[in-house]
Amino acid sequence: MYSIGYDIGSSSIKAALVEVSTGKPFAVVSEPKKEMDILAINNGWAEQDPDTWWKHVCTATKTLLSENNIKPEEVTGVGISYQMHGLVVVDQDLKPLRDSIIWCDSRAVEIGQKAFDALGNDRCSENLLNSPSNFTASKLKWVKDNEPELFKRIHKFMLPGDYIATRLSGIANTTLSGLSEGIFWDFKTNSLATWLLDYYGLNESHVPEIVDTFSIQSKVSEQGAKESGLNVGTPILYRAGDQPNNALSLNVFNPGEVAATGGTSGVIYAVTDNLSVKESSRVNNFAHVNYNQDNRFVGKLLCINGAGIQYRWMLNNLDVASYDKMNDLANSVPQGSDGVKILPFGNGAERMLNNKDLGTNIFGINLNNHTKAHLCRASLEGIAFSFVYGMEILRSDGITATKIRAGNDNLFRSEIFSNTIATLIDREIEIYNTTGAIGAARACILSDGDFTSFGEQIMANDYVMSYKPSEEKEALQSAYSAWKKELEQVLKNK
């Protein structure tokens with residue numbers, strides 16, 4: 001028997017088939033074959049048609065079943081991971097009233113900042129664990145202010161994963177974790193943040209029914225089965241945003257455990273049971289997938305925009321054939337890159353740097369001595385140093401890392417990158433070969449609450465290797481201190 005996991009991204013929809021008894025991945029497909037379009041009517045806007053996601057979910061499902069000779073009745077459950085913070089609004093018939101305002105849309109920034117100041121920074125930090133910022137609640141307020149006639153027709157709002165579950169089942173519901181990522185949840189009262197809704201003039205009736213993250217949330221309807229190829233009655237057993245789901249995929253559930261991602265952007269996601277917040281302007285805080293009344297586990301999410309995109313820029317502009325060749329060049333240069341330092345923040349404003357836009361900065365190049373090999377190493381080290389800097393911010397926010405796990409993707413394939421981080425934070429980094437879609441499929445077994453078996457499946461199927469801290473730390477520590485000094489000087493001048 002099998003479960004299916006979906007990862008609803010803004011670039012593509014991934015679907016994975018996993019054997020339930022062992023957790024072994026059976027197949028993964030991605031739709032469409034080229035990246036999905038993002039509509040930008042104005043600068044800073046980003047929208048997608050939710051029914052485009054649904055179309056690709058259906059195509060991916062049928063492809064998975066047909067190519068692997070799996071009968072629909074052999075699928076025992078569905079799990080859903082999705083792009084966070086998006087807004088979908090539907091009418092009484094559960095049809096979208098407009099395109100989704102997705103995660104990277106920044107039109108509601110001023111709305112969120114005004115609410116943060118008016119409601120009180122301390123109250124927002126203590127109750128919401130965040131500023132309302134540019135999250136889903138603020139986007140819904142934008143719709144109310146700018147599209148009032150459409151707003152009157154709203155029956156429910158939902159997050160992207162909620163919408164896919166609704167198309168499968170014909171039932172609108174959401175999760176506590178999802179509401180927290182939209183900044184609709186009051187952690188102090190452990191209930192809906194009605195005071196924020198009241199301030200924004202939003203209707204509590206628009207909030208879908210709340211279901212448990214691991215539960216029979218709904219079942220595939222006749223219409224959902226007809227369009228997707230699944231069986232009528234197939235249960236939807238799990239739903240979470242992509243970063244909490246990435247942590248789940250890496251078996252990160254307990255305080256002190258950290259999930260790291262080294263893609264185009266970098267992410268550090270640390271689990272804690274401490275609800276005190278010191279860095280709400282630089283770190284996001286959401287209910288983790290296993291948050292409940294007994295275990296109030298929160299995921300602290302720190303994003304580093306200028307990560308893999310910096311290394312890709314180097315690849316595109318240094319006349320180097322591949323990332324492997326870049327890594328070979330970097331390995332020919334000693335730790336500290338002979339004094340070359342790169343601040344890799346050229347991908348827009350960095351929340352962890354108080355929303356300052358630094359650009360990429362390169363320091364210390366000697367035109368007689370330094371080569372592109374030095375730039376390759378300085379780039380890798382600079383990105384690694386930004387992760388270490390992020391870990392220092394999390395430490396100031398009460399996080400003491402005990403376990404660090406990362407996917408076997410992009411930057412973490414580089415020994416220089418991973419060893420630099422492991423050495424400077426003095427923690428082993430465990431590497432796993434998994435994806436969000438596989439994690440969402442595996443999570444279906446957690447409706448029974450068996451986290452031990454879930455973790456054993458990940459170790460058995462996904463563990464690749466570990467990077468241990470080097471005992472030769474002095475040169476790296478010196479290089480990091482010099483890099484940090486340059487960063488602080490640039491920040492001071494901004």
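This is a predicted model: local features need pLDDT of at least 70, side-chain atom pairs count only at pLDDT 80 or more; totals for chains, interfaces and linings use all residues.
Reader: In which sense do strands S2 and S3 pair, and over how many bridges?

Author: Strand S2 (residues 13-19) pairs with strand S3 (residues 25-31) in the antiparallel sense, over six bridges.

Reader: How many residues lie between S2 and S3 in the hairpin?

Author: Five residues lie between them. In the turn, Gly23 has a positive phi of about 75 degrees.

Reader: How are two packed helices described?

Author: By the angle between their axes and by the distance between those axes. Here helix H1 (residues 50-67) packs with helix H6 (residues 160-169) at an angle of about 60 degrees, and their axes are 10 Å apart. H1 is therefore oblique to H6. The crossing of the two helices is right-handed.

Reader: Which residues make the contact between H1 and H6?

Author: H1 contributes Pro50, Asp51, Trp53, Trp54 and Val57, while H6 contributes Pro160, Tyr163, Ile164, Arg167 and Leu168.

Reader: Where do nonpolar side chains tend to be in soluble globular proteins?

Author: They tend to be buried together. In this model, the largest nonpolar core has 62 residues, and Leu196 and Leu248 touch the most other members. Leaving aside residues up to four places away in sequence, Leu196 touches Leu119, Leu128, Pro132, Ala137 and Ile183.

Reader: Which residues does the second core include?

Author: The second core is separate and has 60 residues, among them Ala307, Ile383, Ala384 and Ile429.

Technical notes. Residues are numbered from 1 along each chain as its sequence is written. Side-chain values use heavy atoms; hydrogens and water are left out. Two strands pair if DSSP finds at least two bridges between them. Helices (H or I, at least four residues) and strands (E, at least two) are DSSP runs, numbered from the N terminus. A nonpolar core is a set of buried Ala, Val, Leu, Ile, Met, Phe, Trp, Tyr and Cys residues joined through side-chain atoms within 4.5 Å. Buried means under 20% relative accessible area, exposed over 50%, partly exposed in between (1.4 Å probe, protein chains only). Contact means heavy atoms within 4.5 Å. Axes are lines fitted to C-alpha atoms, for helices over the stretch in contact, and angles run from 0 to 180 degrees between N-to-C directions. Angles under 35 degrees count as roughly parallel, over 145 as roughly antiparallel, 65 to 115 as roughly perpendicular and the rest as oblique. A crossing is left-handed if the near helix is turned anticlockwise from the far one by less than a right angle, and right-handed if clockwise.
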